[in-house]
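Trainee: I would like to go through this structure and ask what lies behind the words used for it. Could we take the terms one at a time?

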Amino acid sequence: VALFAIQSISFAQNNMLRKLGRGFANVTTGAIEVPKAIQETFYEEGPVAAASWGLFDGLYKFVARTVVGVYEIVTFPIPFPADYAPIVEPEFLFSQEE
């Protein structure tokens, strides 16, 4: 019962456990930003843009998501930003928001 209570609390709202989980998720999945950005750029703008801009965009997003993930892991007990709000959007790499 305790596990279900913790799970429902952590996914119902932003709190320190969600911030910690989000940090771990962003650190472990950050590298996927590179092929994802290349693919998205390929479909929107073509192969030349994907090989150039898509690669650089993916590398930027990879570094940003990973650094934010490390920050969230280190500072998970601190409610900053306000109410443990996510720093990067989407909150998780493969969110339903996309």
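Mentor: Start with Glu33, which has a relative accessible area of 7% and is therefore buried. The coordinates come from a predicted model, and Glu33 sits in helix α3.

Trainee: Why is Glu33 called buried?

Mentor: Buried means under 20% relative accessible area. Glu33 has 7%, so the term applies.

Trainee: Which residues is Glu33 in contact with, leaving aside its neighbours within four places in sequence?

Mentor: Those residues are Gly58, Lys61, Phe62, Arg65 and Leu93.

Trainee: What makes the pair of Arg65 and Glu33 a salt bridge?

Mentor: The rule asks for a side-chain nitrogen of Lys or Arg within 4 Å of a carboxyl oxygen of Asp or Glu. For Arg65 and Glu33 the N to O distance is 2.7 Å, so the pair meets the rule. The two residues link distant parts of the chain, with Arg65 in helix α4 and Glu33 in helix α3, 32 residues apart.

Trainee: How do you know whether Arg65 is buried or exposed?

Mentor: Its relative accessibility is 3%, so Arg65 counts as buried. Both Arg65 and Glu33 are buried. Beyond four places in sequence, the contacts of Arg65 include Asn26, Gly30 and Glu33, and also Val88, Glu89, Pro90, Glu91, Phe92 and Leu93. Arg65 itself belongs to helix α4, residues 47-74.

Trainee: How many salt bridges does the rule give?

Mentor: The count is five. One of the others joins Glu91 to Arg18, with the closest N and O atoms 2.9 Å apart. Glu91 lies in the segment after α4 and Arg18 in helix α2 (residues 16-29), so this bridge ties together parts that are 73 residues apart in sequence.

Trainee: Why do Glu91 and Arg18 count as buried?

Mentor: The cut-off is under 20% relative accessible area. Glu91 is at 10% relative accessibility, so Glu91 counts as buried. Arg18 has a relative accessible area of 14% and is therefore buried as well.

Trainee: Which other residue forms a salt bridge with Glu91?

Mentor: Arg22 does, with 2.8 Å between the closest N and O atoms. This pair also links distant parts of the chain, since Glu91 is in the segment after α4 and Arg22 is in helix α2, 69 residues apart. Arg22 is buried, like Glu91. Arg18, Arg22, Glu72 and Glu91 are linked in a network of salt bridges.

Trainee: What makes the crossing of α3 and α4 a defined packing?

Mentor: The axes of α3 and α4 come within 7 Å and cross at roughly 145 degrees. The crossing is right-handed. Among the residues that meet, α3 contributes Val34, Ala37, Ile38 and Phe42, and α4 contributes Trp53, Leu55, Leu59 and Phe62. By class, the contact has 11 nonpolar, three polar and six charged residues.

Trainee: Which elements does the chain have as a whole?

Mentor: The chain has four helices and zero strands, in the order α-α-α-α from the N terminus. Of its 98 residues, 32% are buried. Among contacts with a separation of 6 or more, 65% are between residues 24 or more positions apart.

Trainee: What is the peptide bond from Phe80 to Pro81?

Mentor: That bond is cis, with omega near 0 degrees. Pro81 is in the segment after α4. The bond from Glu89 to Pro90 is cis too, again with omega near 0 degrees, and Pro90 lies in the segment after α4.

Trainee: Where is Asp83, and is Asp83 buried or exposed?

Mentor: Asp83 is in the segment after α4. Exposed means over 50%, and Asp83 has a relative accessible area of 59%, so Asp83 is exposed. Its phi is near 55 degrees, a positive value in a residue other than glycine. Tyr84 has a positive phi as well, near 60 degrees, but Tyr84 has a relative accessible area of 15% and is therefore buried.

Trainee: How do you know which part to read with caution?

Mentor: Over residues 1-6 pLDDT stays under 50, and the model has one contact there beyond four places in sequence. Where pLDDT is low, the predicted coordinates should not be read in detail. For the chain, the mean pLDDT is 86, and 85% of the residues reach 70 or more.

Methods:
Residues numbered from 1 in each chain as written. Predicted model: local features only at pLDDT ≥ 70, side-chain atom pairs only at ≥ 80, totals over all residues. Heavy atoms only, no water. Buried < 20%, exposed > 50% of the residue type's maximum accessible area, 1.4 Å probe, protein only. Contact = heavy atoms within 4.5 Å. pLDDT = per-residue confidence, 0-100. Axes fitted to C-alpha atoms, helices over the stretch in contact; angles between N-to-C directions. Left-handed = near helix turned anticlockwise from the far one by under 90°. Nonpolar A, V, L, I, M, F, W, Y, C, P; charged D, E, K, R; others polar.
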